[in-house]
Amino acid sequence: MIQRFTNAPIRRKLIWLTVLSSAVGLLPAGVALILYAWSSARDASMRDLETLAHISADGVTAALTFGDPSAARETLAALRAQPDIEMACLYGRAQGATPFAAFVAGASQCPARPGDPGVREDLKRLVAVRPVMLGDERIGTLLISQSLAQRQRALTAQIVFTVGILAAAFVASAAVGWRLQRSLTQPILELAQMARSISTSQTYTLRADRRGDDEIGALVDDFNQMLEQIAQRDLDLQATRDALSRQVVEKTHANDELETAMLRLREAQAQLVQSEKLASLGGLVAGVAHEINTPIGVSVTAASTLDNRTQRMREDYAAGKLTRPELERYAEMAVEASRIILRNLQRAADLIHSFKQVAVDQSSGERRRFELRAYIDEVLLSLAPRLKKTPHRIEIDCDEKLSVDTLPGALAQILTNLVSNSLLHAFADDRAGVMRIESRIEGRDVHLRFSDDGVGIPPENLPRIFDPFFTTRRGLGGSGLGLHIVYNLVTQMLRGTIRVDSPPGAGTVFDLRFPATLP
């Protein structure tokens, strides 16, 4: 019900409010009038009957005193002038079953006993009981019964009259409400229709007509003022939209140019990264070539010495000058020369094998299963020529049986760049430093920790160390791509994470985590 009233049109709401207000005001008044009429009629009837009983009791005193029933009946018969009197019964002192005298209209009968004095109301009648007094002595009792039919008819007429008046007032208030709601709702409905038209057509130049100086007129003025503001804002918005469209076109051209520049920058960056990797591989080749030159040179010298002594031995044998002591000295020299040649050639072979494995892994980029500790040793062996020129050393703490299935080339490049970064930045004061490589298995991941005890990284540079081309040693051997390559290899190739920690003056720690088996 409340929902239906809430959703009803405003006209119907005003009519209902007027009708309900009239009903709420008139209904209690009508009920009060009816109750008052009933109460007044009841009180009047009881007073009238009590007065009639008093007069009648005084009239039958003489007849009752002298024991004259006929005189008493004549006196009571005078009550026939009252059409509502049903009966009048006069009882003597004994108050037996038979009254002393009585007047009965219709089929009514006097009761055996009159009851207590006073006026009482039964279902359809009023009964008045009055003692008959002679001086201070009670000589009898008079009972008069009056029908309530006439009073009920009068009360019904009063109710009908009251209801008629209330209905007429209700109809009049409804008519007045209907008349007034038109003057109230018509401007509001017109304003609502105007709002719908503006909402549909998006035409903010329309204006509502003002019909009065009341609150609705003020609402119309506010509505028109709002339309003016909306129209002005619409114009401003259109101007802003046009300006924004021009800016979008300009930004689009700028973005196209920027995208082209970014593509060129990425290509240049990729070329620089590849150049960095090739430069790193070239440095590795140069270092290994220089390192191999020493054992090869020693082996050549020992072989040349052995060849010369062998040639002289053959000449002495052919001339018959070969003695036993000379043969023994030749044999000792040959054994020593052979040992020197084998030891140096084995060292050269190890260097070549290490270089070949690392170079193939870096160039091919293929995954394979390998022992992590052995492979770290191979990478560091290929870096031995660079480390020999410095007072620094590398310590390794890794389980000999730790096996991984990943990209060895990426791992070799990561270790090479981390070692190169420490050699270039950590030990700027040429003091002897220590680099440490630790690795252990944690669940399904490998935790590889590379640290040095160098000067560390300034706090303001920590957020940028993995950015491309960021370096503090530009012109002194730093390209700004070493750690950027490390970051890309760890996160993209090895599918891992890298984190750096460098307390001021306490060295630098790189924590790498990557799957032991590459997904």
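User: Which residue does Arg-436 form a salt bridge with, and how far apart are the closest N and O atoms?

Analyst: Arg-436 pairs with Asp-397, and the closest N and O atoms are 3.5 Å apart. A salt bridge here is a side-chain nitrogen of Lys or Arg within 4 Å of a carboxyl oxygen of Asp or Glu. This is a predicted model, where local features need pLDDT of at least 70, side-chain atom pairs count only at pLDDT 80 or more, and totals for chains, interfaces and linings use all residues. Residues are numbered from 1 along each chain as its sequence is written, and side-chain values use heavy atoms, with hydrogens and water left out.

User: Where in the chain do Arg-436 and Asp-397 sit?

Analyst: Arg-436 is in strand β9 and Asp-397 is in strand β7. The pair links distant parts of the chain, 39 residues apart. Helices (H or I, at least four residues) and strands (E, at least two) are DSSP runs, numbered from the N terminus.

User: Which residues are joined with them into one network?

Analyst: Salt bridges that share partners join Arg-393, Glu-395, Asp-397, Arg-436, Glu-438, Arg-449, Arg-499 and Asp-511. Within that network, the side chains of Arg-393 and Glu-395 meet in a salt bridge of 3.1 Å, N to O. Arg-393 is partly exposed, with a relative accessible area of 48%. Glu-395 is partly exposed as well, at 27%.

User: How many salt bridges does a search of the whole structure find?

Analyst: The search finds 16. One of them joins Arg-373 to Glu-400, with the closest N and O atoms 3.7 Å apart. Arg-373 lies in helix α8 (residues 372-382), while Glu-400 lies in the loop between β7 (393-398) and β8 (403-406), so the pair ties together parts that are 27 residues apart in sequence.

User: And those two, buried or exposed?

Analyst: Arg-373 is buried because its relative accessible area is 17%. Glu-400 is exposed, with a value of 52%.

User: Back to strand β9. What does Ser-439 touch?

Analyst: Ser-439 lies in strand β9, which covers residues 434-442. Not counting residues up to four places away in sequence, Ser-439 touches Leu-372, Asp-397, Cys-398, Asp-399, Leu-402, His-447 and Leu-448. Contact means heavy atoms within 4.5 Å. Ser-439 is buried, with a relative accessible area of 7%. Cys-398, one of the residues it touches, is buried at 8%.

User: New topic. How many disulfides are there?

Analyst: The count comes to 1, taking a disulfide as a pair of cysteine sulfur atoms within 2.5 Å. Cys-89 and Cys-110 form it, their sulfur atoms 1.8 Å apart. Cys-89 is in strand β1 (residues 85-91), and Cys-110 is in the loop between β2 (101-104) and β3 (118-121). The pair links distant parts of the chain, 21 residues apart.

User: Left-handed or right-handed?

Analyst: The disulfide is left-handed, because the torsion about the S-S bond of Cys-89 and Cys-110 is about -85 degrees. Cys-89 is buried, with a relative accessible area of 0%.

User: What about Gly-454, where is its place?

Analyst: Gly-454 is in the loop between β10 (445-452) and α11 (482-493). This glycine is buried, at 3% relative accessible area. Leaving aside its neighbours within four places in sequence, Gly-454 is in contact with Ala-426, Phe-427, Arg-431, Gly-505, Ala-506 and Gly-507. The C-alpha atoms of Gly-454 and Gly-505 are separated by 7.3 Å, although the two are 51 residues apart along the chain.

User: Which residues form a nonpolar patch on the surface?

Analyst: Leu-27, Val-31 and Leu-35 do, with about 290 Å² of accessible area together. Patches are made of residues with over 30% relative accessible area and no salt bridge: like charges are joined within 9 Å, nonpolar side chains (Val, Leu, Ile, Met, Phe, Trp, Tyr) within 5 Å. Accessible areas come from the Shrake-Rupley method with a 1.4 Å probe, and for residues only the protein chains shown count as cover. Leu-35 is found in helix α2 (residues 10-59). Leu-35 is exposed, at 53%.

User: How many helices and strands in the protein?

Analyst: The secondary structure comes to 11 helices and 12 strands. Buried residues make up 34% of the 519 residues.

Technical notes. Buried means under 20% relative accessible area, exposed over 50%, partly exposed in between (1.4 Å probe, protein chains only).
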